[in-house]
Amino acid sequence: MTRASLDKQPHEVASMFDDVAAKYDLTNDVLSLGQTRLWRKAVAHAVDARPGERILDLAAGTATSSLPFAEAGATVVPCDFSLGMLREGKRRHPELPLTAGDATRLPFADGVFDAVTISFGLRNVQDTDAALRELLRVTRPGGRVVICEFSHPTWAPFRTVYSEYLMRALPPVATAVSSNPDAYVYLADSIRAWPDQPALAARLKSAGWSGVAWRNLTGGIVALHRGVRA
């Protein structure tokens, strides 16, 4: 299995990420022209982790995204359903408590986290609404959620150029740098199929999150959605 389909069968998606774990961070840096580092900084700023807080970093992959929270003095739990990603993450960051878990059935008690975050993983979950409800369940009252996900560029001409990049330029670039270029064809398809900023905000509200808002990054290629558990 090298490429998942857009019905997002969990075993297919997990297998796909297992295949690309070793070069995943490098490939993302190349394909995003270095923007992934800026996006991670924006997520860290939005989460605003503080010493003593408990942070869930869902779809953490190799745990690169978890490091800013640990450096801020918080207790961070990197969680992912790809065992290949977790093994690579544990090799790189043995000090972090990497945990296997399904976003729709998280292995945590109710209300245990001060903040929950997921970057570039929500669109790979089979049941988005169930995942948003699970994130709410494990967050304490007054706690916060930050979602960083590919979205829809706000300027129409740029949106056309971006769509062409995803479908034409991304596959050959992925072939040059990735251990599994077919996986990035799926990722491009999943980005194109993902709902826009207002639609994701509406799903957050439907899941029970309050104070939902979003901020566009890189012209709307990526959006940061935020919410609070009442």
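Predicted model: local features only at pLDDT ≥ 70, side-chain atom pairs only at ≥ 80, totals over all residues.
Residues are numbered from 1 along each chain as its sequence is written.

The protein chain has 9 helices and 7 strands. Helices (H or I, at least four residues) and strands (E, at least two) are DSSP runs, numbered from the N terminus. Of its 230 residues, 51% are buried; buried means under 20% relative accessible area, exposed over 50%, and partly exposed in between (1.4 Å probe, protein chains only).

The buried residues of H9 (residues 197-207) are Gln 197, Leu 200, Ala 201, Leu 204 and Ala 207. Seen down the axis of H9, they fall within an arc of 120 degrees, so they line one face of the helix. The arc is that of the directions from the helix axis to the C-beta atoms. An α-helix has 3.6 residues a turn, so residues three or four places apart point the same way. The face of H9 turned away from its buried side carries the exposed residues Lys 205 and Ser 206.

The buried residues of H9 pack against H6, strand E5 (139-150), strand E6 (210-217) and strand E7 (222-228). Contact means heavy atoms within 4.5 Å. Where H6 (residues 128-137) touches H9, the contact is made by Thr 128, Asp 129, Leu 132, Arg 133 and Leu 136 of H6 and by Arg 203, Leu 204 and Ala 207 of H9.

How values were computed: Heavy atoms only, no water. Axes fitted to C-alpha atoms, helices over the stretch in contact; angles between N-to-C directions.
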